[in-house]
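Student: Hi! Could you walk me through this one while I have it on screen?
Tutor: Happy to, let's open it up.

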Amino acid sequence: MDRLDAMQMMLTAVECGSLSKASRKLGQPLATVSRKVSELESHLKANLLIRSSKGLELTPAGRTYVNAAKTILEALNEAERAAAGEYTAPKGDLVVTAPTMFGRLHVLPVVTSFLASFPEVSVALMLTDRVTHFLDDQIDVALRIGDLPDSNLIATRLGATRRVTCASPAYLAARAAPAVPQDLADHDVISFESVSSPTLWRYWSDGNEIAIPLRSRLSVNTFDATIAAGVAGAGVIRANSYQVAHYVRDGRLQLLLEAYEPSPRPVHLIYDKRGRLPLKLRAFVDFAVPRLRDRLTNAAPARF
C-alpha cells in the first residue's frame, strides 16, 4: 500500500464529504478510492470514517489521524518546494484568478508584464465570475471585489470600485436624465435579468436603502454587451466604475444619480499563507499590488 497516496485520498474524502465526490475530484474510480481508504483502516487497525446516507463522519481516531496526516503532507509539500528551488529563486507555476472583465482589463496586462520580468515563472490566469476556492481549484492568488468573509487568507487591499448608473448622451438627448432613483421607472433599462422578470436596482440616501423595481427592455448576460448597448443608446445601464471609466472620459457615457450610489466596494488581492511563502508567489504579490493599485486609481478617479 502506498501510504502517502492512501493518506491523500483519505483527506480528500473528508474534505469533499463523500467517497464519490473525492473520486471525481481525484479523477480516480470510486472503487479505487474506497479500497485505498479501507486498506488504510486495515493497516492502522482502526475505523477512521463512519459512512452513512448523510456522508462521511470522522471517528475520534479518524480526527486524530486526519490532523496528523495534514501536518505530514504539508511538511512533504514544503520539502518538495524547497528541493525544487521555490525558496531560492522565483520559479514554477502560479494559478491566478480574477473576475472576467476586471481580469481582462487590468490583471492580464499586469500578468504579461510579470512574465516578462520573471522568465522562470508560468501563470495560469483563470478569469471567471463564479466564486473559486483555493483548495478545490488549486488557486495561489485571487482578486476579489466586495467584502471578504473571515478566513485565514491574507488580504491586501488594492482600492475600491463604485457601482454607477449611466447612459449615452444620445439617449439622454431624447429622455430627461433621472434626478432621483424613482425616475428610472420612466426609462428603458438594460439588465442581466430576464425581460419577463423584474429587475431591482438599489440606491442609498441618508443611510437608507432605496430599492427600485424595474422591468428591463433589454437583458444581456455579459458586462461587455451591457456597456455596448448603453453606448449605442439603448437605455440606462449599471456597471462597476472601472468597466465604464474609459467611456465616461471620452463622453460616450454620462454618469447618473451619483448622489445615490451605494458605498464603493473594496478590491483585494488574497492568497493563502501556510508555512513559508514560495518566492514565485511573493514575487507576484510584490509586483502586482502597486500596479493594480495604480490601475484602479486611474480607472476610477473620484467622480471621474
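Student: Where does Glu261 lie?
Tutor: Glu261 is in the loop between strand 13 and strand 14 (265-271). Helices (H or I, at least four residues) and strands (E, at least two) are DSSP runs, numbered from the N terminus.

Tutor: Before we go on, this is a predicted model, where local features need pLDDT of at least 70 and side-chain atom pairs count only at pLDDT 80 or more, while totals for chains, interfaces and linings use all residues. Residues are numbered from 1 along each chain as its sequence is written, and side-chain values use heavy atoms, with hydrogens and water left out.

Student: Okay! Is Glu261 buried or exposed?
Tutor: Glu261 has a relative accessible area of 12%, so it is buried (under 20% relative accessible area; exposed is over 50%, partly exposed in between, with a 1.4 Å probe and protein chains only).

Student: Which side chain does Glu261 have a polar contact with?
Tutor: That of Arg162, at 2.7 Å. A polar contact is a pair of N or O atoms within 3.5 Å; within protein, one must be able to donate a hydrogen and the other to accept it, and residues adjacent in sequence count only if both atoms are side-chain atoms.

Student: New topic: what order do the three strands of the open sheet take?
Tutor: The order is 12-7-13, with antiparallel pairing; strands pair if DSSP finds at least two bridges between them. Strands 12 and 13 are at the edges with a single partner strand each, so one side of each has no neighbour in the sheet.

Student: How many bridges link strand 7 and strand 12?
Tutor: Four, between strand 7 and strand 12 (residues 237-240). Cys166 stands opposite Ile237, and Val164 is opposite Ala239.

Student: And strand 7 with strand 13?
Tutor: Three bridges there, with strand 13 covering residues 254-256. Ala167 faces Gln254 in that pairing. As for strand 7 (residues 163-167) itself, four of its five residues are buried.
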